[in-house]
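Please keep the viewer open while you read.

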Amino acid sequence: MNTTSLAAESADVPVTAPTPAPAPAQSARSLLKQLQQQFPAFRDCLPLAIGIDKQLLARVPGLDRKTMRAALGIHTGSLRYLRAMEKATVRYDLDGVAGAEVTDIHRTHAKETLQQRFKKEAERKKAERDAAQADEANRLRQEKLLQLASKFSRNG
């Protein structure tokens, strides 16, 4: 193969190096810690007002939307928040001031999410127990085989 055919083949494939996505100024977890220190609604794990993201963007200058959404996802997906939502009647703004009511649909969603999470955790633990029992049974079987093999090799 000559160099002209190599050049022709490589002309079909762009040779631009992939540009890495710009790293957010901070991680979602560190932003969440900052929000918990700064705002009572996050610190006290109160049910957040619908549209809390818009309040955050207005109050926290230079907030990265993607990082904020990830931090909100971590917060609202936490067991503590879901338990609060399950029993909540009112939502709160950033300063902890009561606002709109929590709907039955949102309470039910929180309850179902918790139930699914607990069920998954129970299934995971059962699978771990089953695997440990299978490993132990296999270990005992191997031990027995070795004992038999050594017994018969001595008498041979």
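Helix α7 spans residues 104–155, and Phe 152 lies in it. This is a predicted model, so please read every value below as computed from it. Is Phe 152 buried or exposed? Its relative accessibility is 56%, and because exposed means over 50%, Phe 152 counts as exposed. Phe 152 also belongs to a nonpolar surface patch with Leu 145 and Leu 148.

Now turn to helix α4, residues 52–59, where the buried residues are Ile 52, Asp 53 and Leu 56. These residues sit on the same side of α4 because they cover an arc of only 100° around the axis. Lys 54 and Ala 58, on the other side of α4, are exposed. What do the buried residues of α4 pack against? Their partners are listed here:

| Element packed against by α4's buried residues | Residues |
|---|---|
| α2 | 28–38 |
| α3 | 40–43 |
| α5 | 65–76 |
| β1 | 90–92 |

Stepping back to the chain, you will find seven helices and two strands, in the order α-α-α-α-α-α-β-β-α from the N terminus. The chain has 156 residues, of which 22% count as buried. It exposes about 11,500 Å², with carbon and sulfur atoms supplying 57% of that area. Taking contacts between residues at least 6 apart in sequence, 60% join residues at least 24 apart.

Note on methods:
Residues are numbered from 1 along each chain as its sequence is written. This is a predicted model: local features need pLDDT of at least 70, side-chain atom pairs count only at pLDDT 80 or more; totals for chains, interfaces and linings use all residues. Side-chain values use heavy atoms; hydrogens and water are left out. Helices (H or I, at least four residues) and strands (E, at least two) are DSSP runs, numbered from the N terminus. Buried means under 20% relative accessible area, exposed over 50%, partly exposed in between (1.4 Å probe, protein chains only). Contact means heavy atoms within 4.5 Å. Accessible areas come from the Shrake-Rupley method with a 1.4 Å probe; for residues, only the protein chains shown count as cover. Patches are made of residues with over 30% relative accessible area and no salt bridge: like charges are joined within 9 Å, nonpolar side chains (Val, Leu, Ile, Met, Phe, Trp, Tyr) within 5 Å. A salt bridge is a side-chain nitrogen of Lys or Arg within 4 Å of a carboxyl oxygen of Asp or Glu. The arc is that of the directions from the helix axis to the C-beta atoms.
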